[in-house]
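This briefing is meant to be read beside the sequence and the three-dimensional view. Please keep both open while going through the topics below.

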Amino acid sequence: MIELENVGYSYGGGELLSEVSVRLMPGSFHFLTGPSGAGKTTLMKLCYGALLPTHGTVKVFDADMRRLDRDQTALMRRRIGVVHQDCKFLDHLPVADNIALPLTVSGRDKRAESENLAELMRWVGLAGRADALPPELSGGERQRAALARAVIMSPDVVLADEPTGNVDWEMSQRLLHLLVELNKMGKTVLIASHDLALIRAAKSQVQARVLRISNRRLQLAGSDL
Amino acid sequence: MSNGRIRSLLLGDAQADRVVPPSGFTAHLTLFASAAMAFLAVFALALSLAAGRLADRWSDELARSATLRISAPADQKAAQTNAALAVLEQTPGIASARALSDEEQAALLAPWFGADLPLDSLPVPQLIEVIEDDEGYDAEGLRLRLAAEVPGAVLDDHTRWRRPLVEAANSLRRLGVFSILLIGGATAAMITLAANAALAANAQVILVLRLVGARDSYIAQAFVRRFTIRALLGAAAGVAFGMAGVLLLPEASDAGGFLTGLGFQGAGWFAPLLIPILGALVAFAATWFAARRRLEEIS
Ligand SMILES: Nc1ncnc2c1ncn2[C@@H]1O[C@H](COP(=O)(O)OP(=O)(O)O)[C@@H](O)[C@H]1O
Ligand SMILES: [Mg+2]
């Protein structure tokens, strides 16, 4: 699905990530952890083509990211659902339209998908908030709306960057549960999180591998969590 | 571009248009600028069409002709007319010369003095219509010869004094066309500025659209469609005001002779209807290029 080979990245100064190699196999569940500022968000961005590696290659669906032109990158993004760390929305459109945005921009008929949309909104518990504007949502509602938008195109891969960032413990459990459900449906899931308690809680629900960034390298974390 | 894409570009779907938030000031700027420009374009168009009519009339109707006027006492008029015709016949460069009949002369004077003018009782000069050939004749030489042989003859060489007028009318027409081009260029510049302002104001929106997999062409279309429609509406309003203004211009009466009305005539009334379409095309192209350039910058 997503394959990083000897990837290095630097924003201009020293290298933030070095010699990162990892493969996300179909149907796998991964956590990406590490202290704040370690480069988790950067690594996620490399995975969906918001950044290109300064070293090595990133392959998504067997295509070298560097070789994709702008249109192909757009098409690739429709196959990857991303929950961004700062959940960017179009603030002038109601929540339902924001969740349906990937359908809109890919030219799919929204009416044909309205059943899906309604079901998805029920699934994330936002059925009653369809007409609210994004600035009116609470932190947890934003995260759930972002998750719904990430999966509306039925992507094979879901990348979630700190999906439980600004929410209380109960809400983070709810969000985790949704992501585990997605994995059970066969989707490949990668969650970046610095929240070790969340990762421990997940381990009881799903077979997850934990990757850790330390000292610019990516390691597989063992039982020391 | 395929048919389907052009269709979707023009009609679009309501949802696609909403992805870009309505932006007050660029919308008003575009509406106002295209209305003002269309208003001016109507007058530039009227000017060049009128100048064209003027140039055509003067150069066609009076092409290569001159008039010889013979003012002589009634008893010598016929003799001098014949003498003048003889001189003209011998002059190189003159294709034909013909004395106007009394009826023709009366018809020429009728607009000024009324139809029932007693020509016989007035000392009206005899007119001879002279048509030159391609080479033309030597007007000064002819004048000297006539002065010697036909004392009552005066050569009135209208092509010579009308030619600069025809030229003036032609430059007026070119000026009108040039103004229309300038107006088109200024419209393109203003819409480019407005489109760039809108693109910059919506950088965040563009980023979100990108992240959910929108292609550049989709994002560009959302802006292009807006600016095209605004330019079309603005220009339509400007043309309506402009044409009302032209209607209010004083009409040139036919008796006014060589002047023509500044307004539109006949099919010319339809010409301004092209202005909103051209304005929309200009807006379309300007926004398209601005958006593509901008989207390529922010990768
Ligand atoms: N656009 C950028 N330009 C320069 N430096 C950046 C940029 N984005 C992030 N960084 C830096 O890269 C480092 C890692 O950031 P990030 O990937 O967001 O870490 P994490 O998500 O693990 O907290 C931080 O030190 C941050 O300051
Ligand atoms: Mg981060």
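In chain A, strand E3 (residues 29-33) runs parallel to strand E8, and four bridges join the two; helices (H or I, at least four residues) and strands (E, at least two) are DSSP runs numbered from the N terminus, and two strands pair if DSSP finds at least two bridges between them. This is a predicted model, in which local features need pLDDT of at least 70 and side-chain atom pairs count only at pLDDT 80 or more, whereas totals for chains, interfaces and linings use all residues. Residues are numbered from 1 along each chain as its sequence is written, chains are lettered from A and ligands numbered from 1 in the order in which they are written, and side-chain values use heavy atoms, with hydrogens and water left out.

**The magnesium site**

- The magnesium ion, ligand 2, is coordinated by OG1 of Thr41(A) and OE1 of Gln85(A), at 1.9 to 2.4 Å; donors are N, O and S atoms within 2.8 Å of the metal (3.2 Å for Na, K and Ca), and because water is not among the atoms, sites may look incomplete.
- Thr41(A) belongs to helix H1 (residues 40-47) of chain A and Gln85(A) to the loop between strand E6 (80-83) and helix H3 (95-99) of chain A, so the pair ties together parts that are 44 residues apart in sequence.
- Thr41(A) counts as partly exposed at 25% relative accessibility, and Gln85(A) is likewise partly exposed, with a relative accessible area of 40%.

**Single residues of chain A**

- Ile213(A), in strand E9 (residues 209-214) of chain A, is buried with a relative accessible area of 2%.
- Leaving aside residues up to four places away in sequence, Ile213(A) touches several residues, including Leu17(A), Leu32(A), Pro35(A), Lys40(A), Leu43(A) and Leu218(A), where contact means heavy atoms within 4.5 Å.
- Phe61(A), which is not a glycine, has a positive phi near 50°; Phe61(A) sits in the loop between strand E4 (55-60) and strand E5 (63-64) of chain A and is buried, with a relative accessible area of 18%.
- Asp62(A), found in that loop between E4 and E5 of chain A, also has a positive phi, of about 70°, although it is not a glycine, but Asp62(A) is exposed, with a relative accessible area of 71%.

**The sheet and helices of chain B**

- Chain B holds an open sheet of four strands with antiparallel pairing, in the order E2-E3-E1-E4. Its edge strands are E2 (94-99) and E4 (153-156) of chain B, each of which pairs on one side only.
- Strand E1 (residues 65-70) and strand E3 (residues 126-132) of chain B pair in the antiparallel sense over six bridges, with Ile131(B) in E3(B) as the bridge partner of Ser65(B).
- Helix H4 (residues 74-90) of chain B lies across E1, E2, E3 and E4 of chain B and runs at about 5° to E3(B); axes are lines fitted to C-alpha atoms, for helices over the stretch in contact, and angles run from 0 to 180 degrees between N-to-C directions.
- The axes of H4(B) and helix H6 (residues 139-149) of chain B come within 11 Å and cross at roughly 150°. H4(B) and H6(B) are therefore roughly antiparallel to each other, given that angles under 35 degrees count as roughly parallel, over 145 as roughly antiparallel, 65 to 115 as roughly perpendicular and the rest as oblique.
- Where these helices meet, Val87(B), Leu88(B) and Gln90(B) of H4(B) are in contact with Leu142(B), Arg145(B), Leu146(B) and Glu149(B) of H6(B).

Technical notes. Buried means under 20% relative accessible area, exposed over 50%, partly exposed in between (1.4 Å probe, protein chains only).
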